[in-house]
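Q: Please take a close look at a single part of this model. I would like its surroundings first, then the whole chain around it.

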Amino acid sequence: MISKEQSAVEYFRKKDFLRDDIDNYSPEDFPYTATNAVECFQYLKHLLKEVQSMEHGFKRHFLINVLLLCATHNKAYHWSSSNSISSCEEFLADLLQYTQHHNLTSLLCDDNFHPTIFKGIIKKIRPSLMKDTWMLNPSSCYIFYWLLCHVKHPQLVDYLGDVFPPPFMFVSYHAIPQKVLGVQCFNHILDNIPPTLMKLDGNEDAIFHSLFPLTYSKDLPVIEVLFPCLLKLPMMKTQKAKLVYWGESDKILNHLLFTVEFENNREMKRLYLSHIKDFVECTPPFKHLKRLIKVVKIVLIENPFSDVRCKIIILQILKAVIQSCWPRMEVHCFDILISVLDLQQQKDVQNNDEISQLSEDCLTLLKFSCKEKFMSLTSSYVDDPNLPGVDLLKQVIIKDD
């Protein structure tokens, strides 16, 4: 029975691809794969009733093979179809029921199997995840990622040596989908491995140096996932004793500020600003205040036709900066006041409640950070009702400490 089961599972994978340009495949390259997979799932369903009575070694072998098939048809790929995906979901639900596991994670990491099912699958697919082989089968990286996502803390620690190498190959590949997949793999690892273990053996340093070159990418899908992943590195949250130290987080934030300053694409600019917001909320950006204030002025004053969403994000950034770097706000008080008050006269933000509230919050925090400087700059300003933001400024001034 096992030989038949293995033959059925391997049938859809029997074709070896000799080219290494996995980004150039199309559904036409897999004309019968989805149909074969549906038939395979139907055949395997009849074997599920015999799972409990299988000899332990045969049962483990069976589960390894059928889960590999599920990993290949769990979502839309060039080689899958809506029928194969639905067949996969139905089969997986039945499999968990017959094996008496409440989810896939518990099945993959079941200690009753030694080695575990996950360990067995990784061993089986390892030859297709080598440096010179992983791109020969376009499903290899997706199979790996799907399985990885179903092993979490604390079990993932036991497999770190097995799952750590492949993402480095993915992120160094030239195709965008594989780069994104590699970053997502690192993201999952950072979410489920304790920070102390990531620091051992230079693991986090290896990830940082592998991902840093991607910060120069202009591909939106890569930028979306890259910076949140970098922010999860333990080194990004480490405060150095000396402020003169230029750490990894400073390199990333400095790059983001430089890039957003000259970015003209609205969607990309909005994305860069959202990442800057995450970084300044994580660690106080004392060493970047001058450039941060410059970016604030560019978005709010020098480019009044910028996207409203960009203005909202930059106000959120400004609010976080004032809160965390309040001892330095006296130096930047004038520039912040000019930027926020000038914003109030722009037509596209009038009657926008979120911008009004954020503007008030920023000015209130600024007042409490450097009250003497704030009052000296605004005392005569509020006397002229024709100046922008006067009503807002009056509301802030009358607030009690």
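**Histidine 255 and its setting**

A: The protein chain exposes about 19,400 Å², an accessible area from the Shrake-Rupley method with a 1.4 Å probe, where for residues only the protein chains shown count as cover. Carbon and sulfur atoms supply 52% of that area. This is a predicted model: local features need pLDDT of at least 70, side-chain atom pairs count only at pLDDT 80 or more, and totals for chains, interfaces and linings use all residues. Residues are numbered from 1 along each chain as its sequence is written, and side-chain values use heavy atoms, with hydrogens and water left out.

Now the residue. Histidine 255 sits in helix H14, residues 248–261. Helices (H or I, at least four residues) and strands (E, at least two) are DSSP runs, numbered from the N terminus. Histidine 255 counts as buried because its relative accessibility is 11%; buried means under 20% relative accessible area, exposed over 50%, partly exposed in between (1.4 Å probe, protein chains only).

Beyond neighbours within four places in sequence, histidine 255 contacts Thr215, Tyr216 and Phe227. Contact means heavy atoms within 4.5 Å. A polar atom of the histidine 255 side chain lies 2.7 Å from the backbone oxygen of threonine 215. Alanine 76 is 35 Å from histidine 255, C-alpha to C-alpha, and 179 residues away in sequence.

Now the chain. The protein chain holds 21 helices and zero strands. Of its 401 residues, 53% count as buried. Its C-alpha trace spans about 90 × 45 × 40 Å along the principal axes.

Key: Polar contact = N/O pair within 3.5 Å; in protein donor to acceptor, adjacent residues only side chain to side chain.
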